[in-house]
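Subject: Structure handover

Hello,

Here is the structure for you to look through. My notes on what was found follow below it.

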Amino acid sequence: MPRWLKNSIAISLTLIILFIAAGFIFYNMLTSSLPQYEGEISVTGISDRVEIYRDSMAIPYILAGTEEDAAFALGFIHAQERLFQMDLIRRAGAGRLSEILGPEALIFDKMLRTVGIKKTSERILKILKPEVLKLLIAYSSGVNQYLKNAKGKYPVEFDILGYDPYEWKPEDCVLISRMMAWELNISWWADISFTHLVQKLGEEKVKQILPEWQENAPYVIPPEIKSYPKINSGLIEIDKSFRKFLGINGTHLGSNNWVIDSSLSVSGKTIIANDPHLAYSAPGRWYAVVIRAGKWNVEGITLPGVPAVVFGKNQNISWTLTNIMLDDADFYIEKLDSTGTKYLFNSEWKEIRESEGIIKVKDSLDVRLKIRSTHRGPLISDIHPYSFLYPDEDVKDNAISMKWIGMETTEEVNSFYLINMAQNWDEFKEAVNLFSVPGQNFVYADKVGNIGYTFGGKLPKRESTSPTFVFDGTTDKYDWKGYVERSEIPDLFNPPQKFIATANNKTLENFKYHISNLWEPSSRIERITQLLTSKQKHSVSDFQNYQMDQVSPYAEKITKYILSAFNNVKVTDKNLLLA
């Protein structure tokens, strides 16, 4: 046999062996961390046996004697199926991404530490109801039991990044819920963008592109904008990069929910539907589950990291959510003294509060972060490295503070526990009254045929009816004047039209307080209303078809104009020919 042939065979065999070995190692890495769906697992931390069944869709059914045991089991199965997702989000909220990703993630850590989501979560933990805290502790024990059992065989993402997750704590559950509020905060984008446009294009041109609603007062563009230091959109770019990094920047056109009462239902029972349009992600954002444990008898969609059904039903009621589009944040241009330690407010120099922290950075030196705050909130302009990215002195020297409801000690975790336990409209409404951020449209149905809508969100009182700009921080003119009492915000209960629907649209007309200037276009709510008024009776299968409906009233209105633009035009583009 020629030597070249021997060498070729030897090399080929070696490559085949290496390929098989690498395939085996990679296969083992992937499969060793898969969830255990059958058999028994011995754990410590539960009072009695817990059973978990899964249906043909792999949806788990948790059967437990106590609420705490069910929370333990939920924490365990959340962790065994979504551990990396949970860990990444809590790290983001805590400002600890740089520990595993290096300097590239440092700006994200600075942003969320400055906003203070972790510190806010720690404060919220102190106001939780005792029974809620017990659930969070039990849930955390379940997550940690999985961490202990899976040591050495965590999901492959941990191997790739070369780290192990740290112990799960109850404040991590709160932190993840607050990160959802951050994701749905639209003011971070709108206020800074519009102010930047006014400075760049002028007031008259910007008025032409601002969204309008007839009953809103005309836009009042603060005259002080002309004297502001130059606003830079770099602050928005940080958040855009962060959302892209976490995979929450995809197409999400908005959420829909609707309900009909028994008189419009083929079955004679209320029917309710929800279609939450958050950004596509892999794995998905939500986790479906059925829980039967003591008084906690719910089924619906959970957020991995949080022991509560976010939207779903119990044995007596059902509830769904869409984003209100509530304007829950404002921004202020602050005037600092030459030392940067005081700010001007109502003709007096006030001391700026300062705090410091250390950010650990993988493969690099630790970074010291100084956070400066006014009475409104932190100077979010400090998170951007203007000094070397933007040599323009006007941009470098501006100071912008942020006031956001999400920085306050609010009761969403308590609220969702009480919603899960609610037995009727009054209990449900009382639970929603505790909910502050992100503002949500809560639509309700119960087994005795009632339907309802209530406003879930903390609504600031403002002097301006159009606060979609960065404001002058040297005066209290633009400060919030407290919050609107929930009793002043209308709700619906068994309305005459026999149905209720929301689609991120404007839900309250001629309301004296500002809610938002950035509602979603009305096309979706128009179509939902068309469908719900298209027949006398609706069925569950009808609702399923409605959720897949693709008819757009907007498209119906503008298509003829688009087509007319091609009159007497020879079309050669293949895509246009197909259209």
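This is a predicted model, and the mean pLDDT of the protein chain is 89, with 89% of its residues at 70 or more. One stretch to read with care is residues 385-391, where pLDDT stays under 50. For that stretch the model has 15 contacts beyond four places in sequence.

On the chain as a whole: 19 helices and 19 strands are found in it. The protein chain has 579 residues, and 50% of them count as buried. Its accessible surface comes to about 28,400 Å², with 55% of that belonging to carbon and sulfur atoms.

Two packed helices are described by the angle between their axes and the distance between the axes. The pair is α14, covering residues 412-421, and α15, covering residues 425-432. Their axes come within 8 Å and cross at roughly 170°. Angles over 145 degrees count as roughly antiparallel, and α14 and α15 are therefore roughly antiparallel to each other.

Which residues make the contact between them? From α14 they are S415, L418, I419 and M421, and from α15 they are E427, F428, A431 and V432. By class, six of these residues are nonpolar, one is polar and one is charged.

Regards

Methods. Residues numbered from 1 in each chain as written. Predicted model: local features only at pLDDT ≥ 70, side-chain atom pairs only at ≥ 80, totals over all residues. Heavy atoms only, no water. Helix = DSSP H or I, 4+ residues; strand = E, 2+ residues; numbered from the N terminus. Buried < 20%, exposed > 50% of the residue type's maximum accessible area, 1.4 Å probe, protein only. Areas by Shrake-Rupley, 256 points an atom, 1.4 Å probe, with all protein chains shown as cover. pLDDT = per-residue confidence, 0-100. Contact = heavy atoms within 4.5 Å. Axes fitted to C-alpha atoms, helices over the stretch in contact; angles between N-to-C directions. Parallel < 35°, antiparallel > 145°, perpendicular 65-115°, else oblique. Nonpolar A, V, L, I, M, F, W, Y, C, P; charged D, E, K, R; others polar.
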